[in-house]
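Let's take a walk through this structure together. Have a look at it first, and then we'll go one piece at a time.

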Amino acid sequence: MSIIVENLSKHYGNLRAVDNISFEIHHGEIVGFLGPNGAGKTTTMRILTSYLAPTSGDVIIEGKNIKDNSLQTRRLIGYLPESNPLYSDMNVLDYLEFVAKLQGVEKTKISKRVREMIGVCGINEVKHMDIGQLSKGYRQRVGLAQAMIHDPKILIMDEPTSGLDPNQIVEIRNLIRQLGREKTVILSTHILPEVQATCNRVLIINKGKIVADGTPSELQSGFHGYERIFVEIEKPDGYDFEMLQVKFNTLPSIKQITLLYEKDGILRIKFESEKGADIRKQIYQICRDNNFNLIELHREQTSLEDVFHQLTLEAA
Amino acid sequence: MENIITIFKKELKSYFDSAMAYIIIVVFVGLLGWFFTSSLFLVNLATLRSFFETAPFLLLFFGPAITMRLISEEKKSGTIELLATKPIQDYEIIIGKFLSAWILFVIALLPTLIYYFTITILGDIELGPVIGGYLGLILVGGVFIAIGIFGSTLTENQVVAFIISFLFVFILFILDKILIFAPGFLASILEFISIDYHFSNIARGVIDTRDLIYYISAIVLMLYLSTIVISKRRWA
């Protein structure tokens, strides 16, 4: 287990920024913290990185409690803070060297690591410039480079793609996916496609609490508890909806068949089946065997947006 | 220790990369030279006394000025979060920054040795008070810089940091000038706290352990308080 969080809380006066959350993160997972602004994502990350102390609860990183071994756990983590603060009066090379030294990279390996990171993050052409002169995209890459300079086991990134243009976002996401093969990655975002594109696990956080936990597809399909399939069929001669219903009711995992409407001789029907069962093929076969003219067949994809809105607005 | 050196080097370089260091050195040396030479020929003595008497006045501004941004800027730009999440102790950050400002101050003092050499040409000068004077200045500078660092930990705003630190050092400085208004039992305490009292001892060439202890404990206390302030957020 890479990270274990137990009953973690952080209160600011009456405000419960983080409210008794627990979760575990395995090696090699790319976990996305998803939530509206002010949900407690940044606070949780700041506690994991020992920037803030929790009001109560424990964090165990690679078997070490951050309360007693903060220096050791900090060594294991590469951190890109929210809004990516950097020393604008330093040049890129000096800055990466400075961070490498503080992270305890061996003296003989510092220049090699700096060169590697400059390559990986694509900042070779700006390495002699002052950070203050860099564009937002380059600044973000410098931020990533400093987070990874000591080859940490765990990468924590607070909104790694904020302020980037679409091309840069794709680049950074690819980089994160690559890193995720050998590292544990936690990133936070309030951009939903980002989670779908990069993460293999999502924690939806709202008002300091975890409201959902699963893979992006689990959250999408499993959210209703059943699958929905919409079908349009040309009304066969001599058939009415009840007779169709009987035909389709033979399917094993079917739960409910509803007629949505009938218009110009076309029936629009909603099938609801058990979670995880994909009955599109069987529906097609029944139509074919009975010579029904199938006009449309599609499965409803609950978007992560729907899940997110429902979970975070319900509580509001 | 290595982390302290890393931070120290970074801060010292940033002083010299910006115009800050040069401006400070030129202003400091220039103003001191003006005060020094304007009275030198009136007094007609081969002594650096007037130099050592005016230097602490300038330090009142100089100390807070070179330290005001050291922590406040980190807080404002958020880079304190970068530093604090690296595997280093908070006191290493404070000490590294303190040393960089202190060394900058010593570097700014170096050109003033010209005044000493000029006077050795003009007449015989006693070496003891000169060594004592420089030692005293370096220590007073250290205390003012440590106070400046403390002021800088209290706010995100450089100007506010400067004002807080300036008020603090100013009070320390004038304490022994208001002694006559203080009741007897307080007077000796105030005198001991006053920075100028200890300085005048050293500037006479008398190096007393009590004075050294005063300066060093003042520096340590201020750095300790600064560390507490920046560590505060880590407390549950």
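**A tour of two chains**

Start at the N terminus of chain B and follow its elements: they run α-α-α-α-α-α-α-α-α-α-α. That makes 11 helices and zero strands in chain B. The radius of gyration of chain B is 19 Å, close to the 18 Å that the globule rule gives for 236 residues, so chain B is as compact as a globular protein of that length. Keep in mind that you're looking at a predicted model.

How far does the C-alpha trace of chain B span along its principal axes? About 60 × 45 × 30 Å. Out of the 236 residues in chain B, 40% count as buried. Now take the contacts in chain B with a separation of 6 or more: 78% of them come from residues 24 or more positions apart.

Now hop over to chain A and find strand 3, residues 30–34. This strand is mostly covered, with five of its five residues buried. In a regular strand, side chains alternate between the two faces of the sheet. On one side of strand 3 of chain A you'll find A:Ile30, A:Gly32 and A:Leu34, and on the other A:Val31 and A:Phe33; all are buried, and both faces are covered.

Who does this strand pair with? Strand 3 of chain A pairs with strand 8 of chain A (residues 184–189) in the parallel sense, over five bridges. There, A:Val31 stands opposite A:Ile186. Strand 3 of chain A also runs parallel to strand 9 of chain A (residues 201–206), and four bridges join them. In strand 9 of chain A, A:Leu203 is the bridge partner of A:Phe33.

Definitions and conventions:
Residues are numbered from 1 along each chain as its sequence is written. Chains are lettered from A and ligands numbered from 1 in the order in which they are written. This is a predicted model: local features need pLDDT of at least 70, side-chain atom pairs count only at pLDDT 80 or more; totals for chains, interfaces and linings use all residues. A residue is buried if 20 or more other C-beta atoms lie within 10 Å of its own, exposed if 12 or fewer, and partly exposed in between; C-beta atoms are placed from the backbone. Helices (H or I, at least four residues) and strands (E, at least two) are DSSP runs, numbered from the N terminus. Two strands pair if DSSP finds at least two bridges between them. The radius of gyration is taken over C-alpha atoms; the globule rule is 2.2 Å times the number of residues to the power 0.38. Two residues are in contact if their C-beta atoms, placed from the backbone, lie within 7 Å.
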